[in-house]
Amino acid sequence: MKSSSRFYPLVLGGAALLAVLGLWLIISQMAGPKILPRPWSILEEIARLWRTPLSGRPLSGHIFFSLRRVLAAFGLAVLTGLPLGLALGWFPVFRKIVTPIFEIFRPIPPIAWIPIAILWLGVGEGSKIFICYVGAFIILVLNSLAGTLYVDRTLVNAARVFGANQKRLFLEVALPAALPAIFAGLQNGLSMAWMCVLAAELVGGREGVGFIIIQGMNMDRVDMIMAGMAVIGALGAIFAALLRVLEKTLCPYRKQLV
Amino acid sequence: MTPEPQTPDPAKRSNPAAKTPKAVKVLVRNLTKSFGSLLVLDNLNFVVYAGELLCLVGPTGCGKTTFLNCLTGFLPLTAGEILVDGQKASFKKGDLGFVFQESSTIPWLTVYDNVAFGLKIKKTPPEVIKERVERILTVVGLNPFKDLYPRELSASLDQRVALAREFATQPNLLLMDEPYGQLDIKLRYYLEDELRRIQEREGTTVAFVTHNIEEAVYLADRILVLTQKPATIKEEVIVTLPRPRRFDDPSFVAIRDQVTAAIQWW
């Protein structure tokens, strides 16, 4: 009984996946492979892109470009957004000063920055990294701010009764308490960076996974578009999994939750 | 420093165990606390003797928690003073212990590290931390759970961890704010016995706030009954019943009824 209940979700999930695959095949059969290619032709297309260069680069080269943009932007966002968010959450005066400024920029979607980024930074790497940075930065700030702002007051008071000063309170209570929120921010910020890199590559550029997708559209090749989409999805999933591993290592007490 | 002429020195008001005069641990003089126009504590005068377990009993919302927050120095006093060992009370000195009404265990620390937390904040040498934590874990019977995280514990175990954490720092004065209010009755008796056992063993002075009259009679050396807000001290009840106390003992019931009568504000 015990083992069957453990495999039950696996069976359900597998059945659902098979059902989607079946539906896909049926629609593809009815609409024709030009509108919706069969699942395996997408794998074939990925293999073809891996071997045959597109615009002078194989798939690995395009992945490299997208990856570099995302990681550069994400790294910058972590280095700047995380400390800013933590400081906003921890220092009430700082929060009161900065919040109005931040609130002006917060609701602007990162993609709205594309034209201005291109005018300011050109069509090269700078503007693309900038757009991804804006997207990830705002999410990281908001999450680390919420994490430190909503620390359980009882925990803070418990540490204060022991005579903890501000520095110890921050390092021993606020920061570890904020870690789950920070990790949620890292996950969302990274997805946002992937979203933005696609948008940036769709608008301009001759390399990157977004470029493959836009080329697929120009060449009326749905399999190529979907191959690009699948690659982006896989990359996003890999990085999300890496972050989860990191979270499990840093927050062992949440092991059953993550 | 000199009290107002109309206020009698609270230290002289009573002397419980009567046999030997006890040292005054906490001296509360003319303590008044208001939030804006809302007067919460109205000119409280009393003492806590060294090594005693004092229960403060009063109706819910009468200002018991406010009093404890004044004692720790979290809240500034409107008037009067609170002296611990003759000095102004403040959490900044770090010799207080506080057991909160709600769970205050640190979720990301194991039971062992939770108990060590206060000692670490106080920069106690590692070998002393190890010795004290291991001793107190044994005393409260938490050894089998020392590697678990708080969310893996029941509510009563969780509150025991919080209690052990305070005792590990050997506080000068331990404040308890309805610590067992969330627990069912059986666990409460168990933890009350445990508190009493450790308190006697460590010689800790405890100020225990509760709205549960039976709990107060069971635990206390002395009970102060507070009135409805603005709180003043309505009655002092000295409990000299032998321990372990029994809830069905006629003299226990008599004291319980006396406190109940005093607390009735309707």
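In this predicted model, helix H8 (residues 166–203) of chain A and helix H10 (residues 222–250) of chain A pack against each other at an angle of about 165°, with their axes 10 Å apart. Because angles over 145 degrees count as roughly antiparallel, H8(A) and H10(A) are therefore described as roughly antiparallel to each other, and the crossing of these two helices is right-handed. On the side of H8(A), the residues that take part are Leu179(A), Phe183(A), Leu186(A), Gln187(A), Leu190(A), Ser191(A), Trp194(A) and Leu198(A), and they meet Ile232(A), Gly236(A), Phe239(A), Ala240(A), Leu243(A), Glu247(A) and Leu250(A) in H10(A). When the residues of this contact between H8(A) and H10(A) are sorted by class, 11 are nonpolar, three are polar and one is charged.

Chain B is divided into domain 1, which covers 10–95 + 171–263, and domain 2, which covers 103–168. The centres of the two domains of chain B, taken over C-alpha atoms, are separated by 25 Å, and 13 residues of domain 1 are in contact with 10 residues of domain 2. Helix H5 (residues 185–202) of chain B provides six residues, the largest share of the side of domain 1 that touches domain 2. That side of domain 1 of chain B comprises nine nonpolar, two polar and two charged residues.

The contact between the two chains takes 21 residues from chain B and 15 residues from chain A. Within chain B, the elements that give two or more residues to the side touching chain A are strand S6 (96–99) and helix H2 (111–121), and the largest share, three residues, comes from S6(B). The residues on this side of chain B divide into 10 nonpolar, six polar and five charged.

As to confidence, the predictor gives the complex an ipTM of 0.81 and a pTM of 0.82. Chain B averages a pLDDT of 86, and 91% of its residues score at least 70. Among the elements of chain B, the lowest mean pLDDT, 84, belongs to strand S5 (residues 87–88), whereas H2(B) has the highest, at 95. Over residues 1–19 of chain B, however, the pLDDT is below 50, although this stretch has 25 contacts in the model beyond near neighbours in sequence. Where pLDDT is low, the predicted coordinates should not be read in detail.

Notes: Residues numbered from 1 in each chain as written. Chains lettered and ligands numbered in written order. Predicted model: local features only at pLDDT ≥ 70, side-chain atom pairs only at ≥ 80, totals over all residues. Contact = placed C-beta atoms within 7 Å. Helix = DSSP H or I, 4+ residues; strand = E, 2+ residues; numbered from the N terminus. Nonpolar A, V, L, I, M, F, W, Y, C, P; charged D, E, K, R; others polar. pLDDT = per-residue confidence, 0-100. Axes fitted to C-alpha atoms, helices over the stretch in contact; angles between N-to-C directions. Parallel < 35°, antiparallel > 145°, perpendicular 65-115°, else oblique. Left-handed = near helix turned anticlockwise from the far one by under 90°. Domains from an automatic or database assignment.
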